[in-house]
Each structure stands twice: as structure tokens, then as C-alpha cells.
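Hi there,

Here is the structure I promised to pass on to you. Have a look at it first, and then read on for what turned up.

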Amino acid sequence: MSDNRLGTAVSPYLRAHADNPVDWREWGTEAFAEAAERDVPVFVSIGYATCHWCHVMARESFSDPAIADELRRDFVSVKVDREERPDVDSSAMIGASAFTQNLGWPLSVFMTPGGRVFYAGTYFPPEPVQGHPSFRQVLGAVREAWTDRRDEVDQNADGIAAAITAQSQAGGGADDAGSEARGGPTTALPDPSAVHAVVDRLAEAEDREFGGFGSAPKFPNAPLLEFLVDAGADGDAQALDLAERTLTAIAGSDLLDPLDGGVFRYATRRDWSVPHYERMLYDNAGLLATAGALARHRPDGIAPQLARGIARFLHAVLRTADGVFVAAQDSESTIDGRRVEGAWYREDAAGRARLDPPPLDDHVLTGWNGLAIRALAITGAALADPTMIEDARSAADRLLATHVRDGAVVIRSSTPRGPSAAGPALEDIGLFAEGLAELALASGEARYATAARTIVDDAVTLDDTGRARVVVGADPVLAAAGTDAGEQPQTALRSGSMGLAGAAARLAELTGDSRYRSIAAQLVAGRANDGLRQPLGHADALALALELARPSREVVVVVEHPDDPMARRGVAERRPGTLVAVVTPEQARAFAAAGFELFVDRDALAPAAYVCHDMVCALPARTIDALAASLSA
């Protein structure tokens with residue numbers, strides 16, 4: 001008889017497995033204590049609600065009563081939603097890399113009762129295929145090793161734990177207090193010329209026939225594209241060309257849904273065809289931010305059209321009734337009683353209207369919403385689109401009311417069934433703070449900058465030597481096992497530490513407080529120097545390194561109405577090292593009253609533009625021509 005315990009889970013992925021005959025438990029100390037008492041290994045299956053191959057393995061294996069009996073007899077089985085517990089997923093991914101380089105989900109991991117990985121893989125088929133063992137064969141082999149070769153199991157577990165520790169130190173660090181992002185006041189940012197040299201290497205790696213980078217599967221890699229836009233804004237026309245060619249290729253491919261503007265996860269072929277049809281909030285938010293930034297510099301290219309399409313998808317598909325964004329839309333839909341991948345997306349508008357759309361993953365994730373808020377704010381300002389800014393405002397207000405308490409992010413994820421018990425990750429703190437800071441600039445509302453400042457101040461401390469420390473609570477199982485991997489290099493979405501650095505950089509410009517600039521530089525320096533060698537996982541750090549290496553320039557445009565031509569001219573000047581804020585006189589007063597030094601005495605004239613260098617401002621420019629002259633001085 002099944003003792004499945006997922007029926008009351010918050011996670012939609014876990015609840016989808018509540019009817020399996022497998023005796024699933026949620027991740028936690030209780031499951032590992034049971035394994036220790038029974039002296040059996042722990043089988044940990046990691047996935048997420050819109051993962052196609054997770055669905056396949058669930059239908060093939062986890063719905064099989066015979067396999068369920070094996071798992072019940074010889075293992076403690078644990079289901080993990082990687083969206084809910086990214087720390088568990090990150091640690092398990094590093095462990096799995098000892099056995100396969102084809103990493104992905106579902107991730108199938110076998111652990112000791114002490115929480116250490118000793119064997120892992122991804123999807124296992126129901127029958128052996130082309131040299132790949134079946135899931136039942138894997139279970140038998142693991143059971144045999146656990147029973148007859150325990151010393152070998154323990155040696156594997158110890159070696160993998162050591163590898164996770166080494167990786168965590170390279171990726172950001174960990175200690176007994178939890179995952180930690182660290183820096184030091186003597187750590188040097190890379191020279192801008194070295195950062196721009198990365199663009200030359202990326203240009204050499206471009207797929208000249210189909211656009212983008214790599215062969216197949218082919219991912220859009222939004223952080224890398226946004227870095228190229230920033231490098232282009234910093235004076236490298238080659239970088240802008242490369243970013244625009246890639247976005248043009250994506251926009252003209254099967255990766256973009258022509259009906260609603262959403263972008264699929266990746267293409268299975270080099271020419272961007274045959275998409276993997278799931279649609280993630282973070283991919284679309286990252287590409288929206290990239291297209292919005294590019295639109296400032298290439299307004300006649302593909303960027304404005306692509307940005308408006310993605311924003312329309314976010315608004316119409318992923319946005320909830322109370323204004324936040326859910327995590328994803330599934331690749332599969334139910335047609336004629338069968339779950340089918342991609343079929344709904346291949347229909348025309350009339351065909352879609354006759355069918356139920358693919359379901360949504362209803363997780364509301366703080367960090368991923370922070371990405372969306374940032375993207376909508378950047379793009380709304382660039383395109384003078386009030387709907388985008390209003391969507392960003394609605395999401396921010398809802399999260400501030402529900403996921404933040406006493407100025408600190410306290411909830412990582414929630415669904416209509418309530419908040420998750422999993423604590424916030426670094427990405428929730430950093431990406432939400434950065435989204436709030438960008439929304440303050442786009443909306444002119446000081447309260448968002450105040451909220452960003454409070455979150456950063458809560459998350460970061462400077463010790464007596466000026467060293468910045470960001471400590472996030474550790475999962476107790478990973479902490480006891482010594483396998484908390486910390487933050488790892490990111491390829492698909494902006495990292496939490498770089499979001500925190502971006503928020504701190506904005507606060508430095510708004511307040512004139514050098515402490516925030518020191519925090520940003522410390523968080524960025526190590527990652528950016530790694531990015532000179534390996535840009536794929538550190539592109540977000542390279543973009544921030546360009547900004548922090550430049551002398552700070554602040555442009556404050558004071559207008560009575562946001563559509564004033566002076567405002568449009570000011571927004572176009574945004575680039576690495578240059579902050580642009582557009583406010584009304586009343587908003588300038590509110591910023592000043594909240595302690596943002598940049599806006600002090602900026603409320604007397606409108607229209608007026610102030611061009612400042614490290615908070616030292618020139619006389620106000622009252623016309624567009626005067627503003628242009630002040631910007632070029």
C-alpha cells in the first residue's frame with residue numbers, strides 16, 4: 001500500500017506525483033532519518049512542473065506498481081521541485097556530473113542516509129535503450145552496491161562531497177552559516193579592455209549561418225546577449241551587431257511563438273527549429289531585458305517588436321489575476337484525452353481556441369518575478385510603454401505585501417495553496433532588489449528604491465576590514481552533509497549575487513554612499529575575472545564589471561509629464577556607468593526626503609536635466625540641445 005505524502009504539498013510538481021504508487025516523501029531531515037533507521041539509500045528525484053521528460057519518466061516508471069514496490073522495499077524515495085529548492089538541485093547537479101555530462105531534468109540521484117550523493121543520472125527509460133540501462137536495472141545495481149560493496153559506496157560519496165565543496169568555493173563559497181557570497185576590498189575588477197576582448201572571442205564563436213552560439217541543442221542565453229548589448233553601449237559596435245543578429249535569428253525562428261510572442265526554452269536543432277516547447281518566465285524576462293536595452297540603441301531593428309511580443313506574452317499568459325507572474329507554461333497539453341508535447345503550440349489561432357492550452361506551473365517565485373520586474377521596467381522606459389511599467393509595479397506591490405516582511409525577503413515561492421516552507425535563496429534577495437531599483441528609475445517612485453535599499457541592507461554586512469558578506473540560510477540536510485554548493489555559474493538567468501550587485505550599484509548612484517559601490521565591486525570582481533576565461537557562465541558579471549569600471553555619471557531629468565521629449569532624450573543615454581532617472585518635481589522631492597542625495601534640490605525647475613559626475617552636477621539644461629551639449633561635455 002502506498003504511503004505517498006505529497007497530496008498536501010504546495011509545489012505543483014510534487015502534487016502531480018501525489019497519486020503515484022511510489023511512497024514519495026518531501027525533502028527534509030525526516031526522510032534521511034528514516035533511511036538511517038532502515039539502513040537503506042535515499043532515491044531523490046528532482047524535476048519541475050513543466051518538464052517534459054519528467055512527465056515521461058512519471059508515466060513510464062513512477063506509475064508502475066512493480067517499480068513502486070522496489071522503491072518502497074529498498075529505498076526511501078524523495079521528490080524535489082528544483083524551483084522550490086534550487087540549493088538541493090545545484091548540489092545534486094554537481095554530484096551527478098561525476099557520472100554524466102548530459103545533465104538536465106529529471107535528475108535521478110542516490111544518496112546515503114547522511115545526504116551524500118554516491119550515484120546519479122537523469123532520465124532512465126523503462127527498458128534498456130542503446131546502451132542505457134533501464135530504471136529497474138539501475139535500482140538493482142544500486143541495491144547490490146549498497147548491500148555488497150558499501151566501502152565503495154562510501155568512497156564515492158566522500159569523493160563527490162569533496163568535489164561539491166571545491167565547486168562551492170569556486171562558485172561563491174559556503175560555510176556552516178549557509179550559502180555565502182563573498183568579496184574582499186582588495187579584489188580588482190578587470191580592465192574594460194579585457195572585458196571588451198571577450199566580445200572578439202564571442203564573435204569568432206558565432207554560428208554565422210544560423211545565428212547564435214553552439215550547435216544543438218541551442219539556447220538563447222539571455223545573460224550573454226545582454227552583456228553584448230552593454231558592451232555595445234560602451235562603444236563596441238561589433239557587440240551590438242552580434243546581439244542584434246542573434247535576436248533577429250531567434251525572432252525569425254520556431255523558437256518564437258508567432259501568435260502570443262513567447263519564447264520557448266531551446267531549439268533541438270542548430271537552425272533554431274524543433275523547439276522544446278516549455279516556456280519559462282526567466283528565459284522570457286531575460287530576453288525582454290535584452291531586447292529593451294537594445295531598443296535604446298537600435299530602435300529601427302528587431303528589438304522593439306520582439307520586446308513588445310514578449311511583454312504581451314508575460315501579460316496575457318504568465319500574469320495572475322493579482323499581478324504577479326507564474327514560473328512557466330508546460331510543453332504538453334491534453335488533446336483527445338492524451339498528453340501531447342507541442343501539439344497545441346503548432347496550431348493556428350482558431351485551432352488553439354478549440355483546445356485547452358498547456359497548463360501553467362503556478363509557482364510564484366520571488367527571484368524570477370524580480371527578473372520580470374527588472375525587464376519590464378527597463379523596456380517600459382526604453383519604449384515609453386506605461387503598460388509594461390504598470391505590470392512591473394503590480395508584481396512588485398504584490399510581492400512586497402506577501403513575500404517580504406520587515407524589509408527582508410522571507411518567502412521564496414508561493415502558490416494558491418500557500419507559501420513554501422523552503423527559505424529564500426540568494427537569487428530571490430538579489431534579483432528582487434535589483435528589479436525594485438530598476439522600477440524606481442522607470443516609474444519615478446521612491447518607495448521602490450527605499451524597498452531595494454532595505455533588502456540590500458538586510459542581506460549584506462561589511463566587516464571591520466570592509467569585506468562584504470552575504471549569508472543565506474543553509475538547508476539542514478546539505479549543511480550536515482557538507483554539500484551545500486553555494487551559487488554556481490549561471491547560463492540561463494541572471495545570478496542572485498549579480499542581481500544584488502546591480503541593486504547596490506544603483507543605490508550607490510542614487511545615494512552617493514560609497515559603501516554600496518564597494519559591495520557591488522566586491523561581489524562582481526571574482527566572477528568577472530572568471531568570466532574573462534569562461535564568459536558563458538559569468539556574462540552577467542562582465543556586464544556589471546564594465547559599469548563599475550567607468551566613472552559614475554548620473555542624469556536626472558525633471559519633467560511634468562513622462563512623455564516630454566527631454567525625458568526621451570535622457571532615457572536614450574542609459575549605458576554602463578550612466579544612470580538615468582526621469583521624475584516629476586513631486587517625485588524628486590519624495591526621493592530627496594527618502595535620503596537619496598541625487599535628487600536634493602532637483603524640484604525647482606521643469607523641464608530641466610542635470611548631468612552629474614559622482615554626484616557633482618552641471619548647471620541644469622532646459623532644452624534638448626542644451627542637454628545634448630551637457631552630455632557630450
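Leu-426, Glu-427, Ile-429, Gly-430, Leu-431, Ala-433, Glu-434, Ala-437, Glu-438 and Leu-441 of helix H16 touch Gly-496, Ser-497, Met-498, Gly-499, Leu-500, Gly-502, Ala-503, Arg-506 and Leu-510 of helix H19, where contact means heavy atoms within 4.5 Å. By class, this contact of H16 with H19 has 10 nonpolar, 5 polar and 4 charged residues; Ala, Val, Leu, Ile, Met, Phe, Trp, Tyr, Cys and Pro count as nonpolar, Asp, Glu, Lys and Arg as charged, and the others, Gly among them, as polar. H16 covers residues 426–443 and H19 residues 496–511, and they pack at an angle of about 35° with their axes 7 Å apart. Axes are lines fitted to C-alpha atoms, for helices over the stretch in contact, and angles run from 0 to 180 degrees between N-to-C directions. H16 passes H19 in a left-handed crossing, meaning that the near helix is turned anticlockwise from the far one by less than a right angle (clockwise would be right-handed).

Before going further, please note that this is a predicted model: local features need pLDDT of at least 70, side-chain atom pairs count only at pLDDT 80 or more, and totals for chains, interfaces and linings use all residues. Residues are numbered from 1 along each chain as its sequence is written, and side-chain values use heavy atoms, with hydrogens and water left out. Helices (H or I, at least four residues) and strands (E, at least two) are DSSP runs, numbered from the N terminus.

On the H4 side the contact is made by Ala-66, Ile-67, Glu-70, Leu-71, Arg-73 and Asp-74, and on the H6 side by Phe-135, Arg-136, Leu-139 and Arg-143. That contact has 5 nonpolar, no polar and 5 charged residues.

H6 (residues 135–148) also leads us to the sheet, as it lies across strands E2 (42–47), E4 (107–111) and E5, running at about 170° to E5. The open sheet has 5 strands in the order E1-E3-E2-E4-E5, with mixed pairing; two strands pair if DSSP finds at least two bridges between them. Its edge strands are E1 (24–26) and E5 (117–121), each pairing on one side only. E1 runs parallel to E3 (residues 76–81), joined by 3 bridges, and Trp-24 has Ser-77 as its bridge partner in E3.

How buried is E4? 5 of its 5 residues are buried, so E4 is largely enclosed by the rest of the structure (buried means under 20% relative accessible area, exposed over 50%, partly exposed in between, with a 1.4 Å probe and protein chains only). Leu-107, Val-109 and Met-111 point one way from E4, while Ser-108 and Phe-110 point the other way. E4 is joined to E2 by 5 bridges, antiparallel, with Phe-43 partnered by Phe-110. E4 also pairs with E5 in the antiparallel sense over 4 bridges, and Met-111 stands opposite Val-117 in E5. E4 and E5 form a hairpin with 5 residues between them, and Gly-115 in the turn has a positive phi of about 90°.

Best wishes
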